Amino acid sequence: MNKIVNIAIIGLGQIGIYLYNELNIKKKDIEIKTGKKIKIVAISAKNRNKKRRFPISKKIFYRNPLQIFSKEKIDILFECIGLPDGISKKVVETALKNKIHVITPNKALLAKHGDVLASLAEKNKVNLEFEASVAGGIPILKTIKEGLATNKINKVYGILNGTTNYILSEMENSNENFDKVLQKAQKLGYAEPGNPKLDLNGFDAFAKIRILSALSFNTKISKNKCIMEGIENIKLTDIKIASQLGLRVKLLGISEVINGQLFETVHPCLVSKKTYIGNVNGVMNAVITEGKPVGQSVLQGEGAGPGPTSSSLLSDLLSILRGNIKYPFGISNSKRKFIKPFNNNNYTNSLYLRFDVRDKQGVLSLITNRLAKYKISVKRIIQTPDKKNKKATIVIITHKTTEINARNCLTLFKKNRNILKFPTLIRLYN
Ligand SMILES: NC(=O)c1ccc[n+]([C@@H]2O[C@H](COP(=O)([O-])OP(=O)(O)OC[C@H]3O[C@@H](n4cnc5c(N)ncnc54)[C@H](OP(=O)(O)O)[C@@H]3O)[C@@H](O)[C@H]2O)c1
């Protein structure tokens, strides 16, 4: 690579514009650390005249990012548009084919097309770096690829979405319901104002889990059907009852190799307030890896926002400027295999079940009898009557049971005039 390195930034939204400013103010520091002078020669976004957080040079602005490849000589390209396909994929593919290093925070693109793009990068002997795609500013991918490189990792899990962690924490702290706290999150910029769905329904955390699995277990990105649940159905009642039981609701992403089979999931979990993960609150993310011989490693930090995300993007930049060509997923693409999926039906947990019922004699025994039919044994019952409305809430904590058993048993509760709603289920995490 020459002493002067030409850079393009595609996408000038929350992340791209912050990165643009960081690169401008950190030029000298980057030169001291790498011996390379960086020069931003092209930027692109949809709207040329949009008012942005930092002023841009319109002389280097392109409305169509694909034109840049024929007009400029680019060494490193940042893709910050964020689509899973379309123009994001086209820009990254074109860059790699033109032997341009690519850095991106785009987890949706990586989780969907990561294998093909990694193979393209390898073929063209350039880097495809994506540290910022998982857990914002936490250097978890480098930790797995480099710091833990010789360990056999068998599990990686954690809190991978700051928006949902903020909402769950704030519901507990403020005693306010989901909708109110979501509005607060949107005002504070923690949740997208228009469409926060991909954070709330677990999809965002799931894309990160797929990337983490591939890196941790040296596998291809899985396409397995998995249990993916978000936090949209978590009620303030559940958070309050959980709190009385010494538990907290956390949206966990879990990836594990069980008997040589890959198990990946994202769903709300009840965790003890005494555990480490139970005390990662607000917008914080935390990732825990378990490997041999290293044991357990924990990384915690801010999982989103322009500052933490730019920190990871710049760390990828420095790694490329220092001349470190690497396989995107740690090993050659040809050595990465698919591994058999774990049968989700056999996933086993204790359960928290909340029933809204008519306050009538015999309802509790009706519930426990139906659970007994599926050999689901009861560990604890908490009954809260609402005399005025002739209703009651019954919460049952069960002993461990399999996913298939729980699902089959719960179908028995679909229709009953004394059970007012389909029960809420939250799995307990060990
Ligand atoms: N926001 C975070 O905290 C965060 C954290 C970690 C990772 N990420 C990832 O970072 C990426 C970017 O996120 P963001 O929050 O910055 O998104 P964003 O604010 O929606 O920005 C998207 C940018 O892409 C531009 N764009 C859209 N279509 C384009 C096209 N056809 N050609 C050129 N530019 C186009 C938009 O242009 P206009 O501005 O002109 O509309 C905008 O500047 C995503 O992959 C996201 O998952 C974000």
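**Entry 1: domains 2 and 3**

I began with the spacing of two domains: the C-alpha centres of domain 2 and domain 3 lie 26 Å apart. I note that this is a predicted model. Next I looked up the bounds. The domain assignment gives domain 1 as 4-104, domain 2 as 140-303 + 336-342, and domain 3 as 346-428.

Then I turned to the contact between domains 2 and 3. I found 10 residues from domain 2 and 10 residues from domain 3 in it. On the side of domain 2 that touches domain 3, I listed the elements giving two or more residues: helix H11 (236-244) and strand E10 (261-272). Strand E10 supplies the largest share of that side, four residues. I also sorted this side of domain 2 by residue type. It has six nonpolar residues, three polar and one charged.

**Entry 2: helices H7 and H8**

I moved on to a helix pair. Two packed helices are described by the angle between their axes and the distance between the axes. I looked up both. The axes of H7 (residues 162-174) and H8 (residues 178-187) come within 9 Å and cross at roughly 125°. I therefore wrote H7 down as oblique to H8. The crossing of H7 and H8 is right-handed.

Which residues make the contact of H7 and H8? From H7 I noted Thr-163, Tyr-166, Ile-167, Glu-170, Met-171 and Ser-174. From H8 I noted Phe-178, Val-181, Leu-182, Lys-184 and Ala-185. By type, the residues of this contact divide into seven nonpolar, two polar and two charged.

How values were computed. Residues are numbered from 1 along each chain as its sequence is written. This is a predicted model: local features need pLDDT of at least 70, side-chain atom pairs count only at pLDDT 80 or more; totals for chains, interfaces and linings use all residues. Axes are lines fitted to C-alpha atoms, for helices over the stretch in contact, and angles run from 0 to 180 degrees between N-to-C directions. Angles under 35 degrees count as roughly parallel, over 145 as roughly antiparallel, 65 to 115 as roughly perpendicular and the rest as oblique. A crossing is left-handed if the near helix is turned anticlockwise from the far one by less than a right angle, and right-handed if clockwise. Two residues are in contact if their C-beta atoms, placed from the backbone, lie within 7 Å. Ala, Val, Leu, Ile, Met, Phe, Trp, Tyr, Cys and Pro count as nonpolar, Asp, Glu, Lys and Arg as charged, and the others, Gly among them, as polar. Domain bounds come from an automatic or database domain assignment.
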